[in-house]
Amino acid sequence: MQFLFDTLFRAVDLALIAVALSSVYSLIRFPNVALVQYAVVGAFTGMALQKQGVPLVLAIAISALLVGLLAQLFNRFLFQRLLRLDPAIALIGSLALSMVLSAIFLLGFGPAAQRFSVPVAPATRFLGIRITEMQILSGGVTILILIGFALLLFRTPLGRDMRAVSNNAVLSAASGVNNGRVTAFVVFLSGLLAALGGSMLALRGSVSIDMGTNMLLSVFAAAILGGLGNAFGAVVGAIIIAAAETLVTNVNFGFLTGQEFFFLPASYAPAASFALLIAILLFRPKGIFVSEVTRV
């Protein structure tokens, strides 16, 4: 039960950012590395607002909106120009932007880990599972956000337009859809989702500036595994990657070393996720679900 619980919350850590990555890829057709750094920006902006006296919920909401607007600005003045040259150049530009954002926040906040100012309560046990109030709160909020995104995508005219532009931008434009407006909204939404993902992490524990770097490979693995461009495939990919990472750090490998107990450190978790990713891509090169990706 504890393994299943740990897997669930690791998947929650990855899901919002992976969904944001796949959503924006489905329209713009390049993997925006900076999205993972947007999560760091959202978390630290929210913490800074709370320190200025803004209530916690309002601080998280304002930081998410600000990061969404920031994503819009970067897309309009940076990525659209780079995409006219080549998607590979836009990818390199997003990596450079991620490093610049990391350096700016490192200068502003320092290397020390920080967290939201929330009451610290001891973990309680339920069905043999160690769980905290903040885990329940952040996990519940993340699930509600994903449900809200699903309703937006499948139950609203805007969601219909998003799916139309994703499937065939030329045909959607000929049908009267404003592709530019839809793309701008999805870019804003991707920044907002990433920022909320970072804030949920900061609610459950301390986060540092290198959080984005540490999560980059796992988030990309989840998005690619689910089918890059398929938003809800990314959720399934996040669950599978989370299970692989949790398993490799919870198995006692003492029988291989002759010791009674031998557990791999957490730094080995990304290796497990990428080994699983390679194994699955050998049989499903485009990911588990259908996507527009022709190669990874």
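I count a contact when heavy atoms lie within 4.5 Å. The model is predicted: local features need pLDDT of at least 70, side-chain atom pairs count only at pLDDT 80 or more, and totals for chains, interfaces and linings use all residues. Residues are numbered from 1 along each chain as its sequence is written, and side-chain values use heavy atoms, with hydrogens and water left out.

**Entry: serine 218**

I started with serine 218, which sits in helix α9 (residues 211–226). Helices here are DSSP runs (H or I, at least four residues), numbered from the N terminus. Is serine 218 buried or exposed? Serine 218 is buried, at a relative accessible area of 2%. I take buried as under 20% relative accessible area and exposed as over 50%, with partly exposed in between (1.4 Å probe, protein chains only).

I then listed what serine 218 touches, leaving out residues up to four places away in sequence. The list is Arg10, Leu14, Ile241, Glu245 and Ser273. With arginine 10, the side chain of serine 218 makes a polar contact of 3.5 Å. Such a contact is a pair of N or O atoms within 3.5 Å; within protein, one must be able to donate a hydrogen and the other to accept it, and residues adjacent in sequence count only if both atoms are side-chain atoms.

**Entry: the core**

Next I looked up the largest nonpolar core, which has 79 residues. A nonpolar core is a set of buried Ala, Val, Leu, Ile, Met, Phe, Trp, Tyr and Cys residues joined through side-chain atoms within 4.5 Å. Val19, Tyr38, Leu193, Val207, Met215 and Val219 touch the most other members. Helix α8 gives the most to this core, 14 residues.

Beyond four places in sequence, valine 19 touches Leu146, Phe149, Leu193, Ala231, Ala234 and Val235.

**Entry: tyrosine 25**

Tyrosine 25 lies in helix α1. Tyrosine 25 counts as buried because its relative accessibility is 12%.

**Entry: the cavity lining**

Last, I asked which residues line the largest cavity. A cavity is a set of points on a 1 Å grid over the protein atoms alone where a 1.4 Å probe fits but cannot get out, and lining residues have an atom within 4 Å of a point. Val24, Ile28, Phe30, Asn32, Leu35, Tyr38, Ala71, Asn75, Phe79, Val187 and Ser190 form the lining. Helix α3 gives the largest share, 3 residues.

Notes
On a 1 Å grid over the protein atoms alone, a cavity is a set of points where a 1.4 Å probe fits but cannot get out, and a pocket is an open set with protein on both sides within 12 Å along at least five of seven lines; lining residues have an atom within 4 Å of a point. Helices (H or I, at least four residues) and strands (E, at least two) are DSSP runs, numbered from the N terminus.
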